[in-house]
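Please study the sequence and the structure before reading the solutions.

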Amino acid sequence: CHCVLSSRLVFQQIRAKLQLMMVYLTVNRCLLSAWELLNPLLVIPLLTILLAYFWTFQEGEQAMPQFKLPSTSGFTHLPQPTGPFPVGFVDIFTPPRPDSMSGLLLRLYFPSHSSSTETVSRWAHWFPLPQYATGYLRYKFSSLGFLVPVLGRVFIWLSSNPRYPASEGASYLKDAKKRPVIVFSHGLAACRTSYSFLCTDLASKGYFVAALEHGDGSACLRSVKDNKDAQIGFKYQELLKPGTPEYEIRNKQVKYRAGEASFALDVLEEINKGNLDNAWIQNMSEDEVITFRNDVKDSMNLDTAIIGGHSMGGATTVLSLATDPRFKVGVALDSWMFPLREEKLNYTSPGNLLFINCEKFQGVKNLEVMKVYEGSLDNEVESNVVTVLSATHYAPTDIPIIMEGSSAGSLYRMIGGGEAAEGLSNWDNLLLFSDLFHTWTQKCLGSLGMENLFVKKIAEQQEHLKYGIDMEQ
């Protein structure tokens, strides 16, 4: 047994060395290209990347990460969702809205039929297109100009561009009861696939989940279409110059986002009626679209719509819950409350709003704004604010497990991520966020037999959770 383990470790080290050699060759080609362009200054950041990768690789040799992304039939992918249902999805564009506002883009997840012919090769890629990797890195490395797409390709390669267990265009699994609907709002510099595990996990438990890709300029990249048959265009994140007054910009953006969340409900209401006139479903034949329309018709429970989001999407959640009465439940994940700092919302706390905070992100100024919306739900839930101890801001996203579970961790550490996990592991944190989201929603909806699951989950994880707002943190 010891010999087998030793051989396995040697194999891992050889494989890691080969990966390092490939990164070296890739960056070396970039160095030569930069030199040929007679701009030797471009060599400096690329050389820095190579040295940083080598340095973090040497550190990583001493302690191999415990979590590895699974691989099936040669395809690296995110872990399977934990619910009983397989998951399908469709991407939906809508026509431009009045007042020169762009149309919506959302990825709609849903429970689907299992299929004996289904293969991992049909699952979605985490990067929908290579430009999304550029969008992520542009947020930190915009000064590198045309080299950012090169880094994006390296990012895709190092991460293996994992798939995740959701099949585009899979047939919808009908149910006797209408299914609850979640509209999900991403954070700053994220997109519709940044929370793929969370969204697929919720869909596997019986929800429709509409993951928005916001058009307010806050997404790392937004895909756009001006008409149904147009080629997809791209709108990169609007980056602010240092020193730019930020509040008015972010306040305008969060209001735009809340408008998109409400418009998403309008679109879903039409889909639920069997009307797809303003829903441009992608990558499906006309017959497949008709089948989808007929299957999904009258399947959504829009009387108790749910809004959720992370970071800036958490602020979007609060604003949407306060301004659109169709949203009955809200779950705000590690909310960045700055865009609502000066808002006086007509909202009675706590309502059905849950804040799930990450301890390492929240500061006094952010918590002061959040405090306005804190309250006690009942005798069992002493506060609608729960903090995951030692968790970092990206914990609800896929990013930590992709970086830890692939060779992209080196690049991640270079751009300020990759803190050593304390408390729960990255994977266990992600599971906890999904469980709290689900059980809170079921509690608020009064689902028979599930009313007490939220309190039980809190009790199970009491070592890693705490109720209320602590202004001393």
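**Exercise 1: the lining of a pocket**

Task: State which elements each supply at least two residues of the lining of the second largest pocket.

Solution. Step 1. The elements are β7 (179-185), β12 (300-310) and α12 (426-445); helices (H or I, at least four residues) and strands (E, at least two) are DSSP runs, numbered from the N terminus. The model is predicted: local features need pLDDT of at least 70, side-chain atom pairs count only at pLDDT 80 or more, and totals for chains, interfaces and linings use all residues. Residues are numbered from 1 along each chain as its sequence is written, and side-chain values use heavy atoms, with hydrogens and water left out.

Step 1. Helix α12 gives the largest share of this lining, three residues.

Step 2. The lining comprises six nonpolar, seven polar and five charged residues (Ala, Val, Leu, Ile, Met, Phe, Trp, Tyr, Cys and Pro count as nonpolar, Asp, Glu, Lys and Arg as charged, and the others, Gly among them, as polar).

**Exercise 2: two helices**

Task: Determine how the axes of α5 and α12 cross.

Solution. Step 1. The axes of α5 (residues 196-203) and α12 come within 10 Å and cross at roughly 45° (axes are lines fitted to C-alpha atoms, for helices over the stretch in contact, and angles run from 0 to 180 degrees between N-to-C directions).

Step 1. Helix α5 is therefore oblique to α12, since angles under 35 degrees count as roughly parallel, over 145 as roughly antiparallel, 65 to 115 as roughly perpendicular and the rest as oblique.

Step 2. Contact (heavy atoms within 4.5 Å) involves F197, L198, D201 and L202 of α5, and W427, L430, L431, F433, S434, F437 and H438 of α12.

Step 3. Eight nonpolar, two polar and one charged residues form this contact of α5 with α12.
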